[in-house]
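Hi everyone, thanks for making time this morning. Have a look at the chain on the screen, and I'll walk you through it.

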Amino acid sequence: MTSLIPETGNLPAAFTTFVGRRHDIAEVRRVLGSARLLTLTGVGGVGKTRLALEAAAASRKAFPDGTWLVDLASVRDPSSVASAAATAVGIMDLGVRPTLDQLAAHLAGRRALILLDNCEHLIEACAELAGTLLSAGPELHILATSRQTLGIAGEHVITVAPLSVPDEAVELLRDRATALRPGFRITDANWNAVVRLCDGLDGLPLAIELAASRLRTLTVEQTVDRLEDRFTLLTGGSRTARPHQRTLRALIDWSYELCGPAERLLWNRLSVFTGSFSLDAAEDICAGEGVPRHEVLDLLDRLVTQSVVLTTEYEGLPRYRLLETIRQYGRERLTESGEETHLLRRQRDFYVALAQRSADHWYGPGQEDALKRLRAEHANLLAALDCGADPQVTLALATALRFHWCAGGFLGEGRRWLDRALTAAPEPTVARARALWVAAWVALLQGDHSTADERLDEAGELGEQVDDPEVIAYVTGFRGTSALFRGRIEEAVSLFQRVIATHPAGADEASVVFVLFQLAAAQTHIGDPRAAETGERAVVIAAAHGDRWGRTHALWALGYDAWARGDLEASMALTRAGLEIERGFNDHIATSLMLEVLAWATASSGDYERAGRLLGAVRCLWQNIGTSISAFGPRLSEYHVLCEQSVAQALGPAAYERALVVGGSHDSPGQAIDFALNTDPGTGTGTRPEPAAPVTTPSPLTRRERDVAALVAKGMSNRQIAAALVLSQRTVDGHVENIRAKLGFRSRAQIAGWWAENQPPMP
């Protein structure tokens, strides 16, 4: 789509095609239809000017008296803003009246649009101009572009986001690269590199256009490799571009120079964050000489209004972030200032303290919020672990993150960091002893029992050597866990009872719940009638301390025991209560274990169809974790197999497989819990529903999309589907995205489940 020039006005013709932004253009035109002042904000290079020009050109019929562009990029004197606008509109300055008065009088009776471009360095003058013109001309509309809003009454604001990756960003790269190098093609071979390049450039149109100019001499892969030095790489833009837009560095320099000294200093210091960050982190880490703590919020707000810092949100938590290009620029300036080492140490100390607080106060209220905060800070936590300044501190941080690893869904990450930290810090310290039992816990959850035992042996010896009762208690408890998982039940019971008997009373009483629920499970394994009493004790202690994570595990143990005793109604009620609590967590293992018990009880009640679907959800979760229920002991594994056999026999092979596929479409803990707690007729517990009738409503998919969905349901990758249907992978990628959009799905497993559910029953 190329620009159109209104019959009245001075909008320039475009020299290049306009890629994407169709939704954005429609939104700008919609707002302009009712708002008289609209400001497009966004980071430098995001394409505010081009979007404004395209929207203005597309809106020319709405403004029959003219559309004029006022380019303020080269204007430095605020007193010259009105003159620049008058010149753009075509008014001669005869010196009889002030220029602004002449301009206002000229536009007073016109239904026209003024495009004020690049206002950020002349905000006050632009605000005065806009206010005066809008007051004088009731039919006049103003569209402004600025990294900072004008801040006057009636202003509407649209923040222009970077191009979507891969769709719009890849298309822009292809368009610009082809114009410079006609033989350039995006193929299956370089597709992944192209996406990495566009993603690494944050989807910024200016950066992508500069990168495209490099593709005259470099391959896409070579360009990606050079992104580390992006400010040297991305030079040589169009000679017709404004000086501050000819290189990426010049563009960011322009933004930097518009900031005050304290704003620049904060920008530099914020570059130590990886991903997003919170206000309290910015205040703790970045405050100091030149940036008082009480001014950080105000300075952040100023950087937000200048589009240097972006606001975002993570699971309801307000956050800030820098685009990677902005962050790297600030990091260079931070290094030049000599502050980098000091700031990185402060960042590490902040996240060590955050992790330690979450561990120290785990057995009490606020567990879901603590895990949510750690998930939001995951990238910064990894950066703190990678700091490498002090191996003992790294060891302590990896240990303090134990609930993030084990209850928050990051087992693999935790295993890698604990192994790495233990290798880097072999000294026989208390920090090492504690890290060893945490590493053993992670290994146990992954089913690596032999490594867990090795870690526990060393931790036990070291705990005795450094005389740390806490380490000794945890080692004893996890030796019980290891025995339980290996099927040595009597040994496990003895070890658990030893820990409980010696557990100190007081503030940390709730931590005994972790051992109690395992003891209850072990007692159920051997038919000990005291299992229910043990589980109930765990529930009472957990509830008294606000320990929801411990309570959900205790409810699982009680549900398992009720099922083993044949009390199916109690088993399902207890397990469902545990799942309700589990909604607030992201604990794959706890969710999987509870779904297992619910599936067993559901099958025992005769609802084989629903039990099959629950088994499908469980199977998908175990696959995501990379383990199976066999890691948690032969007894549980045996019950799982018996349940599978009974359901398969009751449903028949074809119907059983369909049930597994449908259940497997719920491929995250949250989705699986929502499915398990669904009590709609025909999907609830207690009775076997009638077989679903074949779907008779028309499919929303085209014939080709149905073909693709069928192959997705068979587990084929996009590349395999492309080969089977003799299509390009990009075409298949597009079909899969269309299928997801039409069906409202987020994963391939959901597509597979939909396909299985909408096939006629096997004869």
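Let me begin with contacts, meaning heavy atoms within 4.5 Å. Among contacts in the protein chain with a separation of 6 or more, 71% are between residues 24 or more positions apart.

A word on where this comes from. This is a predicted model, where local features need pLDDT of at least 70, side-chain atom pairs count only at pLDDT 80 or more, and totals for chains, interfaces and linings use all residues. Residues are numbered from 1 along each chain as its sequence is written, and side-chain values use heavy atoms, with hydrogens and water left out.

Now the overall picture. The protein chain has 38 helices and eight strands; these are DSSP runs numbered from the N terminus, helices being H or I with at least four residues and strands E with at least two. Of the 763 residues, 53% are buried, that is, under 20% relative accessible area with a 1.4 Å probe, protein chains only.

Next, the sheet. Five strands form an open sheet in the order S2-S3-S4-S1-S5, with parallel pairing; two strands pair if DSSP finds at least two bridges between them. At the edges are S2 and strand S5 (155-159), each pairing on one side only. S2 and S3 share five bridges in the parallel sense, and Leu69 stands opposite Leu115 in S3.

So what lies across these strands? Helix H2 lies across S1, S2, S3 and S4, at about 170 degrees to S3. That angle is between N-to-C directions, on a scale from 0 to 180 degrees, using axes fitted to C-alpha atoms, for helices over the stretch in contact. Helix H3 (residues 81-89) lies across S2 and S3, at about 140 degrees to S2.

H2 (residues 48-58) is mostly covered, with nine of its eleven residues buried, among them Leu51, Leu53 and Ala56. Its cover includes helix H1 (22-32) as well as strands S1 (37-41), S2 (67-71), S3 (113-117) and S4 (141-145).

Finally, the cores. A nonpolar core is a set of buried Ala, Val, Leu, Ile, Met, Phe, Trp, Tyr and Cys residues joined through side-chain atoms within 4.5 Å. The largest has 197 residues, and Leu270 and Trp600 have the most contacts inside it. Helix H22 (residues 430-445) gives the most to this core, twelve residues. A second, separate core of 34 residues includes Ala86, Leu100, Ala112 and Ile123.

How values were computed: Buried < 20%, exposed > 50% of the residue type's maximum accessible area, 1.4 Å probe, protein only.
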